[in-house]
Every structure is written in C-alpha cells, then in structure tokens.
Number of protein chains: 2
Amino acid sequence: MEEGMLDVANPSHYFEGVEKLLEIWFEERPEQNGDLRNITRPAWEELLRHVKCEIISFKKNDLIDAFLLSESSMFVSKRRWILKTCGTTTPLRCLEQLLDLAKQQGYTVITDVFYSRKNFTRPEVQISPHKGFYEEVTYLDSIFPEGRSYCLGSINLECWYLYTFSKPVVVKALPDLLLAAEQEDHLNTDPDQTIEILMQNLDKDVMLAFNKDRFATGAESTQHSGIDQILPDMVIDDFLFDPCGYSMNGINEQGEYMTIHITPEEKFSYVSFESNVALNNYTRLINQVIRTFKPGKFIVTIFANKSSLAYDTMKELEIEYSTLSNWKRTDMQCCSFPTYNLLFAQYSRSVEDWA
Amino acid sequence: MEEGMLDVANPSHYFEGVEKLLEIWFEERPEQNGDLRNITRPAWEELLRHVKCEIISFKKNDLIDAFLLSESSMFVSKRRWILKTCGTTTPLRCLEQLLDLAKQQGYTVITDVFYSRKNFTRPEVQISPHKGFYEEVTYLDSIFPEGRSYCLGSINLECWYLYTFSKPVVVKALPDLLLAAEQEDHLNTDPDQTIEILMQNLDKDVMLAFNKDRFATGAESTQHSGIDQILPDMVIDDFLFDPCGYSMNGINEQGEYMTIHITPEEKFSYVSFESNVALNNYTRLINQVIRTFKPGKFIVTIFANKSSLAYDTMKELEIEYSTLSNWKRTDMQCCSFPTYNLLFAQYSRSVEDWA
C-alpha cells in the first residue's frame, strides 16, 4: 500500500489485496490459566518479522486485543489467535513460533485451525510457501496431522480455499457415535460465527476516500465513507496509508471484532470486511457493506458452529439473498463440517465483471 | 479388467476403477427432428476408438439405447448422450467427433455439459488429457466457452471433480432478471436427477461373485449378488469379465437407466452405481446399494434440477443420513447451480478407512 496511486507513473505497480487468514483456537485446561494476551509485544514483533509485516497500532478491551499491522490485522483473545495479512506476506512461516509462544502460556492442545483465502489475482508474485494452495497445504500438513483442504467456488474462475482441522470431541461408548458427538458438542461449545465479504471492482468515487490527497487521517476516511455506521458499537482503530490504502479494526464490549482493509487503486481495487458479530440474520449487514463500498463483484462466506445464532438462519440467507434483483449469483455452496457449517456465495453485477 | 486376479502372480497389476463421466444435452429445435439414436453403430465404434474402448453388448427400448463397453457404458437418448469409462480411457478425446455426429443429426446447440470423476487412486498412470483435473479443464475450456470447474470434498484426501456448463435461459426484459430465469426454467425443463454411489474397500466375500472362477456368466453374478433387486423394473444387460470384473446396464419403460461397474480385486476394489431414476427420497436406495456391496467407504452425489422430485427432499436426505450410526460422515457439501442443485457426501466406517 506504500506505492504510488498514479498508475501512469508506475504502470507495473501492483498490490495484492487478497488476504491470507489464519485462525487458531487452543484448548483450555482447568489446571492451567493460560492467556495468549500475556504474550509480550517484543515477542509479537519478533514473530511478525517472519511474516514480513509490523505493528502500527494497538487497541484493547477486557476481552480482546486488536493489532493493526502494516499488512492487515491480528486479534488476540484468551485462547484464540487470528492473523490476517495481504500483499506478499508469509503468515504460515510464523506458525511454529506461534505454537511455541502458546505453549509457554500453557496451551499445548489445538481445538481448531482455519487457514483460508480467496484465489490471488496475481499468484505468480507470491513467495513460498504461498505460491499455490497445494504448497500451502503441504506446509500446513507438516504441522497439523489431520487437516482437510477445500476449494469453494469455481476453481478455474474465482474461488476460496480453506484448510481446516478440528479436534474431535471425545465421545462416550454409545451405539450412535455421531449423535453423541453432536449433542456433546452442542452443550460444550461457545457460539462462534465469522462472516467475510470480499469485494472487487469497487466504485471509483467510493475509493477516493482512501487516498492521502483526499483526507489526512484514517478517522476522516472512516467517517466520510460511513464505515463507522456498519457496526456502530465497535470502538475503531483506523489508519490511512501514504499515498493510499486503509485499514481498520473494531472491537466491542462483547469481545466481538470487525476488520476492514482497502486497496483502492482502480486496476486492482479490493476491499475485505470480516466480523464475528453474532447476528440472527446477516442479510442486513451484507446489504449495508455492499451499499457502503459498491463493488462490482463479491464473495460472502459465513462460518457458524452449531451453537451459533446464525446456524438456523443460514438457509434463510441462502433463499433471501438469491432474489436480489441487481445481483447475479454465480455460485453458492454449503459445507457441513463436524462442528461448523459454512456458506459460500459469489455475486456479480454482470457477466463482464466475472474473471 | 483383463489382467489376472492373482496379485501374487503379478504384484504390479493395477486397474483404475474410478470412471470419467461425460454427459451432454442438446437443444431441441422445432424445425429439426434430430435424434442421437440415429447415429450408426459404425460411427459409434469409430468414436469409441478415440476413447480406447469398444462395444461388447447393446440393449434398447422406445426411449433409450444402452451400450455396455469394454471399459463401462454409454447411454444414448433423443437429445442426451452419456459416456462413462474407467481404466486409462480418454473420453474427452472423442468430444469433437461427438459434436460432429450430433450436428449431423441437427443438434447445433448444447444446453448442458457435465464432466465429473472422483480423484484417481493412481493418477500417475493416466494418459493426457487426463493426467490431472487442471489438464482436463484446460482441454474442456478449449471446446466449451463458459464452463465452470469445481472440487467437492477434501482436495488433499478424497474428492470429486466437476466441470459443468449450462446454457443460460433466455430471459424477458424484466427488472428481476434472476427470478424470471428461475420461473421460466421451472416451467420448461424436464425433471432430471442423477445419483451416483462410488464405493471402495469392498467386502471380500461380496467381491467373489464377480470372478469367472466363481460364476460363468454375468447373469449369475447379477442374481447371486442381488443386483437385480436394487431397481427391479430395470431390464438388465450384464457382463462378467475374464478373469474378473463386472458391468451392467439397466433400462426401464420410463427411459430411466442404471449402471454398475465392479473392479473386485482386493487391493484396489471399486464399485460404482449410477441411476437417473426419479425418486422422492434416495435414502432407501442408498441403503440397499450399501447393503448389497458392503463398502468400507463411499461417496454419494445427487444432482437434481428444480423440476425434479428429488429437489425438495435433498435437505431431508442431508439430515436423515447423518444419523446412521455405523457411518462416519467425513464431508458434506451442497452446491446451488443456476438450474441444478448438487449434494455431495462422503462416508467411512472408520478413520483408518480414510485416505
């Protein structure tokens, strides 16, 4: 996000907005009182050097620490760590160090791993182990023994890759093994849901708000664009890059977060929205995000575990959103994992917006 | 299927049971009275030489022609062509010739293309353009301009690839384009559904019935195994290979078909079941197929278009089957295509059966 906005000055200028998203949950043990938030700032800075990015801002509340990075964001709570980075960063390269730091906090067992990303617009500029999903999976498989990898959407057009592992629930010796696991899981698991909206071909005028020649600070961009209206109870930490580019984190008293990252350059514009806010129905939120940024095409992914409010309404979303007259839905898939459901959908304004 | 059953005699003996399935639908035009069944036997034989297989038996009724091939099956009706071949056959190589033959029958417009297969157990023995899904998609993209490709299931374990194209329905100039398309499609389309059950690690005793040292004819294998009880109204054409292996086609008066292909060798046993029979609910059929063949793991795929009886009950299947106590469901995905829904699920008896 540091290079020039004037493509004419540097026609080969390119920035990959598409992020690599890594989320890991650790298992609480009664006897250990671990907390990932006790990992020190210098330790995080050292870890992020492996990723090729750095901390530019920090906000916290009682439940969650939120870091704004030079290339996106990191969220740390008691037992969950999230790292989201774009450009040519290498987040997988910090994994072993992260597991060490977690172990020092008493966390030796992982309950869930999620690594996901949209297909890169220019995969050829990426650095190992991110040169392709196959390479990423091979690397992850060397660390996590039972991961499964998926590709949602059209492999030959636009798609979304997911690598995931969830520690199986220990089941009693009942004949109906599967049912016991689901019942037990439902009782014990905190509700969890994540929605991502990944947008491209954004409205030029909307993108102007994320340039330093238009505004001086992130706060001005946030207010002008209406980003502060999307989830108004979030306390925002924002940053406007020079000469263009924008990042924000939001956190609220329930320990929920949101994060938006914007690559405004017209040739490769990209905006990502992510939040774990617990809602019955995400349609209104999706509509507001789309109205705020006016993309030409976008992907929505919604993860919800069986305790989540969103779980029962994912099918409603499936139906409701498909009748939006301005959008052509080019793909929709649902996946049923042992403890989560995942909904994936792609929308485009017209065939020309596609690939 | 020609090589020896005695693995001890030829330890390197291997046969890939996993099939490549190609299905093409052509558009009827009122002015033309085309019929793919008018394509001559010599023309089919010539086409199948490109595929590296040949016709070994033939049965027909008023609605459908069914060919048993040396490496699986071909079904021809008025406007639909299905070719399913296994081993190291090259079905994509006959596509251009097939389109020529169809054109000679007056068919110049394709309404639907489906190419699908499970991942190969030994992809390295395949011949171009089947050396990998990427290669297959590239080849298909050179013939069909708007195909989309998918991978269902776990890419790094067991998965199912699909390449598909459906001609968009011509819509009137209404504001709600998507709704108009769905309404029009619902009124005009013949109901269509296809179920496939792909099984591996089959019961040794069950597989004995498909050896020439046990029975002399396909008919004996069919009766002994209970294959004739699965869809009793089907008229069966069966064949027992030497020294082992089995294929059958079934057709009924409604123009429905079924086809089963069996690779019984213990080291790489494989059985596929496919049918387009129209049922409200496929659970009973799936149960019967599983009881007949006793696999260690299997994949189920169900395609149903919006006119199909199966459409509304696919969600019931999703729920019902998940409570089967003997099976661990390792993956389930649903995809929503413009005119079809697709349900995919994988089941395994135990973790050790997996990958």
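Some housekeeping comes before the details. In this predicted model, local features need pLDDT of at least 70 and side-chain atom pairs count only at pLDDT 80 or more, while totals for chains, interfaces and linings use all residues. Residues are numbered from 1 along each chain as its sequence is written, chains are lettered from A and ligands numbered from 1 in the order in which they are written, and side-chain values use heavy atoms, with hydrogens and water left out.

Let's begin with chain A. Chain A has 8 helices and 16 strands, taken as DSSP runs numbered from the N terminus (helices: H or I, at least four residues; strands: E, at least two). Of its 355 residues, 60% count as buried, meaning under 20% relative accessible area, with exposed over 50% and partly exposed in between (1.4 Å probe, protein chains only).

Now the rings. Rings of Phe, Tyr and Trp (its six-membered ring) pair if their centres lie within 6.5 Å; planes under 30 degrees apart count as stacked, over 60 as edge-to-face and the rest as tilted. That rule gives 30 aromatic pairs over all chains. In one of them, A:F114 and A:F303 have ring centres 5.1 Å apart and planes at 65°, so the pair is edge-to-face. A:F114 lies in strand β6 and A:F303 in strand β14, so the pair ties together parts 189 residues apart in sequence. A:F114 is buried at 7% relative accessibility, and A:F303 is buried at 9%. Ring pairs also link A:F114, A:W160, A:F303 and A:Y340 into a cluster.

On to the helix pair in chain B. The axes of α1 (residues 41–51) and α2 (residues 95–104) come within 9 Å and cross at roughly 160°; axes are lines fitted to C-alpha atoms, for helices over the stretch in contact, and angles run from 0 to 180 degrees between N-to-C directions. α1(B) and α2(B) are therefore roughly antiparallel (over 145 degrees; under 35 is roughly parallel, 65 to 115 roughly perpendicular, the rest oblique). Residues making the contact (heavy atoms within 4.5 Å) include B:W44 and B:L47 of α1(B) and B:L98 of α2(B).

Which residues does B:S149 touch, leaving out those up to four places away in sequence? Among them are A:G153, A:N156, B:F133 and B:Y163. B:S149 is found in strand β7 of chain B and is buried, at 1% relative accessibility.
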